[in-house]
Amino acid sequence: MPSELLNGLRLLDLTDEKGALAGKIFADLGAEVIKIEPPDGCSTRRIPPYLDDVRDPEHCLYSLAYHAGKKSVTANLANADARELVANLAAHADFLVESHSVGYLESIGLGFETLARSNPRLIYTSITPFGDTGPGKAYNWADIVTWAAGGAMYLMGDEGKPPLQMSLPQAGLHAGAEAAVASLLAHYPRQIDGLGNRIVVNMQACIVWTLMNEQAMPLLHGNHLSRTGVFVGSADARRKMVYECRDGFISTLIAGGPTVGGSTRALIEWMGERGPVPEWMRIKDWLAWVPGVFMKLTEQDHKEIAELEATIQRFFITMTKREIYAEGLKRRIFLAPVANAADIAADDQLKARDFWVTVPHDTLGRSLTFPGPFAKMSATPIGSTTRGPRIGEHNDEIYRGLLGLSPDRMATLHASGAI
Amino acid sequence: MSRQFALEGIHVLDFAWVGVGPITTKYLADNGADVIRVESAARPDVLRIGPPWKDAQPGINRSQFFASFNTSKKGITLDLGKPKARELVKRLVPWADIIVESFTPKAMRNWGLDYENLRALRPDLIMLSTCMQGQTGPNALYPGFGQLMAALSGFYHISGYGPGSCAPPYGAYSDFIAPRFSACALLAALDYRRRTGKGQYIDMSQYEAAMQNLAPALIDYFAGGRVLGPRANASDRYAPHGAYRCADEDGSERWIAIAVAGDENWRAMLRVLGANSTDARFATLSDRIENAAALDEFVGSLTRKHSAQELTVGLQAAGIAAYPVQNCVDLHQDDNLESFDFWHWLDHKEMGASPYEGLSHRMSRMPGALRSPAPILGQDNDEVFREMLSLGAEEIEQLKKENVIF
């Protein structure tokens, strides 16, 4: 059952991987989300990798993940009849989210101005890689390019090696989520005055927003950071953030002060119970220890940090991720395993919260396990509990049921390649 | 009725701190909601002492890190450890449509400020609690911050040059995933309340929100046991795909990100680079994907002579996705961000003119705005306690003496 939360609202999803998450969020919240895709399927159905390496649209993992809970109709936008269908759907919709090239939908008569004439309530959100006005408005796009343009790539990777992207591209996901927020922001006043809105999301800006305000560093500190692998902080104060353990890596950070100092002390106590640690480490008042990762450090600070980091490294290498995390939890130490999918799947916390959702997938003849909802809502539980649609699976339901097309008209549209 | 901002008239009492909670309420504040941040001078938001600082000098009102996440909000200071402070909070609750908090789960409960207690004062209250791992479960009290959550939720493991390498994303990455989800939950809850008159409680685990950005890899693992790992910039769709070294500028290394989809793009790229290739390893897309290491070396040798900026223009004109790998100095000079009017300089009470990130979207009607710089600590005590709660000047003085207002 879809959530009651946005029950009765309808969103047309004309996005590709620049924004598929927007419609997924709306589907999770209970809206009816209709994906409009070309008759041969959206490009998001051809993104590797594939389930069991079966290279067909039904096995595309991206599509399985981000189309769950949606419906699908086909429309060949090069065809005038199909464009008319989309315009008619927009007259019945509350939201439209799209990520075509800037100006494309306008050029084929599906721009905001046109659609708003028959539906002034429509909230129309365009996702753009670089905005809709600047020199890059028509730029060619790939996720890695926005990751670079937004400043995230420069900060990721080892010195002396190329800057990095994550193995699962992220930029389009941020833009999709931003499109969902913006659409819902515009929805609130619409309930009062009945008027829609035109929204442009800028993906590059979405990535700048992941930089933890590093943007202001050059202007306020007169320098900027560059990638430093597993270290964090400015060049003369940087500190190790990732340590090797027996079966992978552990993340932790030596720090003092009232919030984290107790954790550093607890880690030293733990190490002391298992073997010798230098006397100064045990007696130091870590709650009063101030050197931050962006401060000027003394020779003494550098020496102490180096010795403590080496001690921690020698300690962690003797244990597994799971052992270290379990004990860290007990002792309230600020640390985390560098978890992979297997670790996450086995995690007790997620299981205890019934996070994972099993979704029957009749097309594939099996059930799949999905990440559950992004929040637990007391009055209106959210989350998608149905598989994503096959290409055009809901043509009849939507075109005949909603728009009232006759079987003859449907046949004609099929024959002309419109749907 | 004419409105300037989308959320005018919505009242938010904000107990959140650090990243996720404040960024969530910033969406509301920048769009016209009245957001009052409740802070404690005894234990200020750790971001208040986080860099970057004005003139690189730390100070409780000098952090742009804090400022950036707290535009358009008011700030009051209360020591919630004191019963009198909690009484004042309870007098503000009937005013609030939304309450947001991001402490570890036991804090609000211990103060008697949990949802059950607060909704007695405001029956249609919408309350969001956001913390690392959610309000329930064995690890609910997990102490952490975003860097650790980014490791725990799988992002560090897919970051690196190959098996055995780890080169994580910058900063508290997951802190920048969760706010968009929590803002959606709050805005949808507002709509539901409008239709039904019912408020509700939202338990947001930042861990579970982060998982949304890894869904394909998790589905894959559960179905077939495959574990996605670090693989540098390798792609199954594009080759070349990665960051390539360009000509140095002012003694600093410069890189360009390039993604080449098919054979036509590949030939166009070679033309722009003034190069030729008859290498059989690079003949087709699947050849190039298979021989990505050799390909990267070859492409890197070609880009090395070019300016990243100029090459971007040339490649883009030839139909290829490319952009310089920008640092934070570049971001402030970026024509596309400027054209979107992304950067804003606001005059902060103590920091003076400071650089703020703007909104990542633009609305044509009732656009949001950075309505004011972040509050300095306790900035709005007088307004809130005198005007909203009708406390007398003497009463306020007394509460300050007792460190209730603090």
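1. A:Lys376 stands opposite B:Asp203 in β6(B), and the two strands concerned, β14(A) and strand β6 (residues 200–205) of chain B, pair in the antiparallel sense over two bridges. Two strands are said to pair if DSSP finds at least two bridges between them, while the strands themselves (E, at least two residues) and the helices (H or I, at least four residues) are DSSP runs numbered from the N terminus.

2. This is a predicted model, in which local features need pLDDT of at least 70 and side-chain atom pairs count only at pLDDT 80 or more, whereas totals for chains, interfaces and linings use all residues. Residues are numbered from 1 along each chain as its sequence is written, and chains are lettered from A and ligands numbered from 1 in the order in which they are written.

3. The pairing in point 1 belongs to an open sheet of seven strands with mixed pairing, whose order is β14(A)-β6(B)-β5(B)-β4(B)-β1(B)-β2(B)-β3(B). At its edges stand β14 (376–377) of chain A and β3 (74–77) of chain B, each with a single partner strand, so one side of each has no neighbour in the sheet.

4. The chains also meet where strand β6 (residues 197–202) of chain A pairs with strand β12 (residues 361–363) of chain B, in the antiparallel sense and over three bridges; there A:Val200 stands opposite B:Arg362.

5. Taken as a whole, the interface brings 124 residues of chain B into contact with 125 residues of chain A, contact meaning that the C-beta atoms of two residues, placed from the backbone, lie within 7 Å. On the chain B side, the largest share, 13 residues, comes from helix α7 (residues 178–196).

6. Within chain A, strand β4 (residues 95–98) is covered on both faces, with A:Phe95 and A:Val97 buried on one side and A:Leu96 and A:Glu98 buried on the other; a residue is buried if 20 or more other C-beta atoms, placed from the backbone, lie within 10 Å of its own, exposed if 12 or fewer, and partly exposed in between. Strand β1 (residues 10–14) of chain A pairs with β4(A) in the parallel sense over four bridges, and strand β5 (residues 123–128) of chain A likewise runs parallel to β4(A), joined by four bridges.

7. B:Gln133, placed in the loop between β5 and α6 (146–152) of chain B, is buried, with 26 other C-beta atoms within 10 Å. Leaving aside neighbours within four places in sequence, the contacts of B:Gln133 include A:Gln349 from the other chain, as well as B:Ser205 and B:Tyr207.
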